[in-house]
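Subject: Structure for you to look at

Hello,

Here is the structure I said I would pass on. Please open it first, then read the notes below beside it.

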Amino acid sequence: MRNFILIDKKYSMISKLIIIFIWFLLSKFINNEVMIPTIRNTLINLMDIVKDKSFLIIIRMTLLRGFIGFLISLFLAIVLGILSNTSKFIYNFMVPILSFLKSVPTMAIIILALIWLNNNKVPMFVGFIMVFPILYETVLNGILDIDYKIIDMAKLYKVSKTTLIKDIYIPSVFINLKAVLTSTLGLNFKMVIAGEALAQPKYAIGSNLQLQKLYLNTPGVFAWIIIILLIKNILEYSLGLLIKLLKKAKQWK
Amino acid sequence: MKYEVKNIVKQYGKLQVLDKVSIQFEENKIICILGPSGCGKTTLLNIMVGTLSKDYGEVIGFEKEDISFVFQEDRLIEWKNVKDNVGFVLRDKMDKKVRENVIDKYLRLVNLEEYKYYYPRQLSGGMRQRISILRAFAYPSKILIMDEPFKSLDINSKRTIMEFTLKLKELRGKTCILVTHDIQEALTLGDKIVILTEKPTKVKKVIENIPISDRSKESNTKLKELIENQLII
């Protein structure tokens, strides 16, 4: 294992400080709030946003859309991934769908979604079309990667199908999923916000970003970006904690 | 004879692999099937356990039995610890409490209790194969089939694991069928050695009644020479 690919908190902090310093310098030299807002103004906007009585509802609604969309993607990926391994028809049925989702420009699908779906569902759909193919293929590969010699051994020892699914198939799928869970959850969150910016539901981070853009309030946009980064970090941390707890419960290792 | 194969014939297209192979397997003995690499030993095993069809012949006694296996590779499940790896094959055979007792009993018998919660990745190749042999003995069966189980091990591990196998065999009687191409393995473990020819494979010679404990160094050397001659000619 190369040590430098592991995150070192000290270097990460230095990098963050350098980025903030560059931001400070740029805002000072450009001296134009619309182009690069000052740190001070961004913080004032951030405080205003947080103090607003609808702030928590906005966060809650965006997170809810993200989670519902993600859980639907995860559920469908697991079910269809397992079914694709047992049925040739389902496997082949999924090939053109995945190829469509991968090759048609995302924007084209989003525009169709804007026509077909209501404002609240579009963000979830946008997250789904980005995240589902990744999760589905991960599930599929998780099953394909299972060592056939282990399955052979289980069959010779007359291990029941239920035990085989519970002890071999499901852990294999989850071991693979675990590796992409954090990145896909983050990607889903970003796509939901993009979907919100386009669909403009009433309470949404994306809608508010779009609103700030309309008023050319760049400090407001920066403030929302900071909030998004904080939420993303909290999400990743919570997920990491959950995985650790599950590991402790001896489910996966 | 309770376990037996009679006149087994197997052909892959025009290639005749097994040509009227007949072997009798005495209960609670170790029967070594010794033959050159690629002569069809694994094919014969697969026919015996029913995972491969035969063209002709009879398989007696194996169909109804639960059978334990030790393979060339340990085939341990990476995300399960030693206890759960052994427990995996026992799960449908006994309830949790009995299962735990059986696992503890076997680990204690061979002084491996301290490894109970180790994961395969924390164990050496030799230790992994020991667990795979332990799994085979803990499984409630009358027959144990070992398909070149020492092939990928270094000399020291091989010796230790052969002793380990004999110890378990003494403690828990099973009819053991060991397939190998290594004369020393056959001599160390076998109560009976069945020598097979090159393809089309036939039984060339059966050396019987060789209780390991009574074997002197001199008779061992003679036996080795005898087997070597059979394999060369």
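A residue counts as buried when its relative accessible area is under 20%, as exposed when that area is over 50%, and as partly exposed in between. Please keep in mind that this is a predicted model.

With that cut-off, start with helix α2 of chain B, residues 82–90. Eight of its nine residues are buried, so the rest of the structure largely encloses this helix. The buried ones are Val82(B), Lys83(B), Asn85(B), Val86(B), Gly87(B), Phe88(B), Val89(B) and Leu90(B). What do they pack against? In chain B they meet α3 (96–109) and α4 (125–138), and in chain A they meet α7 and α8.

Chain A as a whole

Chain A has ten helices and zero strands. Read along the sequence, its pattern is therefore α-α-α-α-α-α-α-α-α-α. The C-alpha trace of chain A spans about 75 × 50 × 35 Å along its principal axes. Of its 253 residues, 38% count as buried. Take the contacts in chain A between residues at least 6 apart in sequence: 73% of them join residues at least 24 apart.

The accessible surface of chain A is about 15,500 Å², and carbon and sulfur atoms account for 70% of that. As for charge, chain A carries 28 positive and 11 negative side chains. The centres of these two sets are 3 Å apart.

Pocket and cavity

Rolling a probe the size of a water molecule over the atoms shows where empty space is left. The largest pocket holds about 610 Å³ of space. It is lined by 14 residues, and those closest to its centre are Ile19(A), Ile20(A), Trp23(A), Ile226(A) and Leu229(A). Which helices of chain A each supply at least two residues of this lining? They are α1 (9–30), α2 (39–51) and α10 (218–248).

A search of the whole structure also turns up one cavity of 30 Å³ or more. The space in the largest cavity is about 40 Å³. Its lining is made of Leu63(A), Gly66(A), Phe67(A), Leu185(A), Asn188(A), Phe189(A) and Leu235(A). Two or more of the lining residues come from each of α3 (55–86) and α8 of chain A.

Two loop residues

Most residues other than glycine have a negative phi. Two residues of chain A are worth a look on this point. Lys158(A) has a positive phi, near 55°, and sits in the loop between α7 (148–156) and α8 (161–199). Leu216(A) is not a glycine either, and its phi is positive at about 55°. The loop that holds Leu216(A) runs between α9 (205–214) and α10.

How accessible are they? Lys158(A) has a relative accessible area of 41%, so it counts as partly exposed. For Leu216(A) the value is 57%, which means that this residue is exposed.

Gln212(A) lies in helix α9 of chain A. Is Gln212(A) buried or exposed? Its relative accessible area is 14%, so it is buried. Leaving aside residues up to four places away in sequence, Gln212(A) touches Ile49(A), Asn217(A), Gly220(A), Val221(A) and Trp224(A). Gln212(A) and Lys149(A) are 63 residues apart in sequence, and their C-alpha atoms are 58 Å apart in space.

Met47(A) is in helix α2 of chain A. Its relative accessibility is 45%, so Met47(A) counts as partly exposed. Met61(A) is 14 residues from Met47(A) along the chain, and 20 Å separates their C-alpha atoms.

Ile207(B) belongs to strand β9 of chain B, residues 203–207. With a relative accessible area of 7%, Ile207(B) is buried. Which residues does Ile207(B) touch, not counting those up to four places away in sequence? They are Asp191(B), Lys192(B), Ile193(B), Ile195(B), Leu223(B), Leu226(B) and Ile227(B). Lys29(B) is 178 residues from Ile207(B) in sequence, and the distance between the two, C-alpha to C-alpha, is 13 Å.

Best wishes

Notes: Residues numbered from 1 in each chain as written. Chains lettered and ligands numbered in written order. Predicted model: local features only at pLDDT ≥ 70, side-chain atom pairs only at ≥ 80, totals over all residues. Heavy atoms only, no water. Helix = DSSP H or I, 4+ residues; strand = E, 2+ residues; numbered from the N terminus. Buried < 20%, exposed > 50% of the residue type's maximum accessible area, 1.4 Å probe, protein only. Contact = heavy atoms within 4.5 Å. Areas by Shrake-Rupley, 256 points an atom, 1.4 Å probe, with all protein chains shown as cover. Lys, Arg positive; Asp, Glu negative; His and termini not counted. Charge placed at Lys NZ, Arg CZ, Asp CG, Glu CD. 1 Å grid on protein atoms, 1.4 Å probe; cavity = no way out; pocket = protein on both sides within 12 Å on 5 of 7 lines; lining within 4 Å. Points joined across faces, edges and corners; volume = space filled by probe spheres on them.
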